[in-house]
Amino acid sequence: MSEVPVAGKNVFVTGGSSGIGRACALAFAAQGAKVTIAALPEDDLAEMEKRDVAGNRFRCLGGDLTDDRFLEDINGDVRNADILLNSAGMAIAAPFLDNDPDDWDRMFAINVRATMRITLAAARGMVDRGRGHIITISSALAHAVSPNTLCYAATKHALAAMHQGIRLELLGKGVRSTEIRPGLVWHTKLGSQSTHPAVRDHATGRAYEGMDPDDVARAVLFAATAPDPIELDVIEIKPLGQL
Ligand SMILES: NC(=O)c1ccc[n+]([C@@H]2O[C@H](COP(=O)([O-])OP(=O)(O)OC[C@H]3O[C@@H](n4cnc5c(N)ncnc54)[C@H](OP(=O)(O)O)[C@@H]3O)[C@@H](O)[C@H]2O)c1
């Protein structure tokens with residue numbers, strides 16, 4: 001059995017302007033894939049639009065993935081994806097008693113609702129064509145909870161359920177689904193979204209360092225290029241020392 005090449009494939013990456021999504025977009029492009037990125041229209045996305053990776057340019061779609069009109073606009077690109085990488089997300093951590101329910105709404109809107117809507121559009125296209133691969137970046141917190149992360153963990157548990165449901169319902173339709181569960185990753189913007197002092201104290205007490213987004217991208221490429229009859233179901237990847 002040989003690796004399935006990603007060269008020439010349409011890869012759609014949500015949140016591909018930063019962190020893990022960006023590292024994956026660059027890794028797919030380096031392998032010759034045609035990569036489309038959807039992310040907020042910030043400087044990072046403009047920077048990706050200018051990049052040339054081995055002669056490959058990124059198609060960059062700037063917009064808010066929680067906005068249904070933007071989802072309508074990008075529906076054609078999503079349906080056309082051979083590989084969907086769900087990476088867009090946010091994390092606002094705080095002790096439960098200090099939680100602001102508006103933050104729950106924002107996290108569920110992007111981490112769960114937007115991801116599920118995009119996955120639905122992509123899955124319909126893949127089932128029509130009888131092939132495709134849905135790869136979702138959930139988290140090590142998709143099956144656990146750490147202090148101050150109750151709502152974020154709840155959104156990632158939901159993505160784990162989505163992945164399991166896809167595997168059940170699309171069985172025999174030629175669509176692969178992989179859930180990637182990273183532990184702590186540094187050099188992304190996610191970590192700066194939480195300002196509560198308890199979260200900072202918890203972070204300074206850690207006995208291990210975070211991984212690099214490229215470490216996660218390697219796991220994503222491993223799943224995407226797995227020989228055809230093989231489906232990588234769940235990959236959990238953590239820095240040494242993280243429980
Ligand atoms: N960092 C970690 O330790 C870690 C661990 C496990 C899992 N994860 C998961 O990995 C994924 C990527 O996170 P990251 O650490 O790489 O963080 P990141 O650098 O903040 O990347 C998140 C990406 O999502 C985009 N995004 C957020 N909200 C959006 C919206 N409403 N519409 C469109 N795009 C939106 C961001 O766009 P902008 O840059 O323009 O805001 C950015 O491109 C997330 O799902 C996260 O939960 C992260």
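Trainee: Is G125 buried or exposed?
Mentor: In this predicted model, G125 counts as buried because 21 C-beta neighbours lie inside 10 Å, and the cut-off for buried is 20 or more.

Trainee: Where does G125 sit?
Mentor: The place of G125 is in helix α4, which covers residues 101-129.

Trainee: And which residues does G125 touch?
Mentor: Not counting residues up to four places away in sequence, G125 touches R79, N80 and A81.

Trainee: What separates the C-alpha atoms of G125 and D105?
Mentor: They are separated by 29 Å, with the two residues 20 apart along the chain.

Trainee: Let us turn to A46. Buried or exposed?
Mentor: A46 is exposed, because 12 other C-beta atoms lie within 10 Å and a residue with 12 or fewer is classed that way.

Trainee: Which helix holds A46, and what does that helix lie across?
Mentor: A46 has its place in helix α2. Helix α2, residues 43-50, lies across β2 and β5 and runs at about 160 degrees to β5.

Trainee: What is the order of the strands in the sheet?
Mentor: The order is β5-β2-β1-β6-β7-β8-β9, in an open sheet of seven strands with parallel pairing. At the edges are β5 (59-62) and β9 (234-237), each of which pairs on one side only. On average, neighbouring strands of this sheet are turned by 15 degrees against each other, direction ignored.

Trainee: How many bridges join β1 to β2?
Mentor: Five bridges join β1 (residues 10-14) to β2 (residues 34-39), and the two strands run parallel. Across this pair, T14 stands opposite A38 in β2.

Trainee: Now the core. Which residues touch the most other members of the largest nonpolar core?
Mentor: They are V11, C24, A25, I37, A122 and V220, out of 63 residues in that core. Helix α1 gives the most to this core, with eight residues. As a general point, nonpolar side chains tend to be buried together in soluble globular proteins.

Trainee: What is V220 in contact with?
Mentor: Leaving aside neighbours within four places in sequence, V220 is in contact with C24, L85, I135 and I180.

Trainee: Last topic, the ligand. Which residues come nearest?
Mentor: Of the 27 residues around the ligand, G15, G19, L40, G89 and T188 come nearest.

Trainee: Which helix gives the most to that shell, and what is the make-up by class?
Mentor: Helix α1, residues 19-30, gives the most to the shell around the ligand, with three residues. By class, the shell has 13 nonpolar, 10 polar and four charged residues.

Key:
Residues numbered from 1 in each chain as written. Predicted model: local features only at pLDDT ≥ 70, side-chain atom pairs only at ≥ 80, totals over all residues. Near = placed C-beta within 6 Å. Helix = DSSP H or I, 4+ residues; strand = E, 2+ residues; numbered from the N terminus. Nonpolar A, V, L, I, M, F, W, Y, C, P; charged D, E, K, R; others polar. Core = buried A, V, L, I, M, F, W, Y, C linked by C-beta atoms within 7 Å. Contact = placed C-beta atoms within 7 Å. Pairing = 2+ DSSP bridges. Axes fitted to C-alpha atoms, helices over the stretch in contact; angles between N-to-C directions.
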